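This report describes selected local features of one protein chain. The sequence and the structure are shown first, and the discussion follows.

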Amino acid sequence: MNSMRLFQNLFQNLILKISRIKTRFLKNLLINFFKNRYKISLEEFARKNVDEYSSFNDFFTREFDEGVRPIDQTENTIVSPVDGKIMESGRVSDGKLFQLKNMEYNLSHLLNNNPKLIEAFKNASYVTIYLAPYNYHRVHLPYQGKLLHNQIIGGMAYKVNEQALKKINALYTKNTRQISQFESSKVNFCMIMVGAMNVSSISITDKNKDVYNKGEEFARFNLGSTVLMLFSGSENIKFPDHLKFGEKIKLGECIAKFR
């Protein structure tokens with residue numbers, strides 16, 4: 001396992017260095033290949049020409065054009081922090097969550113055995129959202145809150161697509177991830193950003209900030225993956241019936257309401 005992790009770390013570092021190349025010909029070659037491979041349109045993004053991006057990573061973390069993703073600011077709503085696809089949603093039961101149907105994993109392992117976090121979210125509601133390579137890769141706040149705890153947990157860099165989730169037990173507890181806990185007047189919540197193959201670099205947008213408004217940008221995946229959210233006081237939160245596996249959602253859309 002250690003030798004595999006060493007190899008993955010070396011590979012990740014190489015990918016990150018390549019993704020930051022600023023030579024015009026090379027970075028445009030990478031961007032155009034990726035753009036064509038995943039049929040990415042720049043219509044919704046602020047910079048609509050490949051030449052406007054300084055590197056492949058700059059393109060990968062591209063920003064939306066103003067107004068493209070309106071944030072539902074209704075007081076009793078929780079919004080999606082990303083564009084992506086629902087992989088699972090439900091409630092933590094007996095310290096376990098579902099990775100996919102009939103595949104459970106432990107809350108304690110997900111939270112790196114942190115006793116305070118485990119206690120805070122032992123009865124939480126949760127939603128898991130997968131970001132495909134073509135998705136927007138900035139992560140925003142699902143609800144206003146104050147950052148209480150932030151920690152990077154080192155780990156593997158397995159893929160986190162549906163095929164990988166079916167094959168690897170407790171995958172989210174094995175990959176590199178960032179655990180960020182927030183509190184607000186209505187709910188305490190935890191956002192867990194899970195790295196993946198070619199993706200295990202995660203960066204905070206503003207390291208000097210700790211109070212965020214709903215919908216405000218918090219972090220970015222430098223090359224993209226999965227966001228898992230835990231909400232305490234699940235009896236006070238209602239998730240819509242359509243929030244099921246495979247449902248595609250967009251940043252700023254309502255994914256839950258306070259009762």
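## Asparagines with positive phi

In which loop is N102 found? The model is predicted, and in this model N102 is found in the loop between strands β3 (96-100) and β4 (103-106). The phi angle of N102 is positive, at about 70°, although N102 is not a glycine. Most residues other than glycine have a negative phi. N102 counts as exposed because its relative accessibility is 68%, and the cut-off for that class is over 50%.

N112 is another asparagine with a positive phi, here of about 55°. N112 is found in the loop between helices α4 (107-110) and α5 (115-120). With a relative accessible area of 34%, N112 is partly exposed.

## The loop between α1 and α2

I21 lies in the loop that runs between helix α1 (2-19) and helix α2 (24-37). Its relative accessibility is 27%, so I21 counts as partly exposed.

Which residues does I21 touch, if those up to four places away in sequence are not counted? The contacts are L26, K27, S54, S55 and F56.

## Salt bridges around R47

The count of salt bridges comes to 12. One of them joins the side chains of R47 and D58, with an N to O distance of 2.7 Å. This pair links distant parts of the chain, 11 residues apart: R47 is in the loop between α2 and α3 (56-60), and D58 is in helix α3. Both R47 and D58 are buried. For R47 the relative accessible area is 15%, and because buried means under 20%, this value places R47 in that class.

R47 also forms a salt bridge with E63, in which the closest N and O atoms are 2.8 Å apart. Here too, distant parts of the chain are linked: E63 lies in the loop between α3 and β1, R47 lies in the loop between α2 and α3, and the two are 16 residues apart. E63 has a relative accessibility of 21% and therefore counts as partly exposed. R47, D58 and E63 belong to a network of salt bridges that also includes R138, E217 and R220.

## The salt bridge of K209 and E216

K209 forms a salt bridge with E216. The closest N and O atoms of this pair are 3.1 Å apart. Are the two residues buried or partly exposed? K209 is partly exposed, with a relative accessible area of 26%, and E216 is partly exposed, with a value of 25%.

## A sheet of three strands

An open sheet of 3 strands has the order β1-β16-β14, and its pairing is antiparallel. Which strands form the edges of this sheet? The edge strands are β1 (77-79) and β14 (237-238), each of which pairs on one side only.

Strand β16 comprises residues 254-258. It is joined to β14 by 2 bridges, and these strands run antiparallel. Within this pairing, I237 stands opposite F258 in β16.

Technical notes:
Residues are numbered from 1 along each chain as its sequence is written. This is a predicted model: local features need pLDDT of at least 70, side-chain atom pairs count only at pLDDT 80 or more; totals for chains, interfaces and linings use all residues. Side-chain values use heavy atoms; hydrogens and water are left out. Two strands pair if DSSP finds at least two bridges between them. Helices (H or I, at least four residues) and strands (E, at least two) are DSSP runs, numbered from the N terminus. Buried means under 20% relative accessible area, exposed over 50%, partly exposed in between (1.4 Å probe, protein chains only). Contact means heavy atoms within 4.5 Å. A salt bridge is a side-chain nitrogen of Lys or Arg within 4 Å of a carboxyl oxygen of Asp or Glu.
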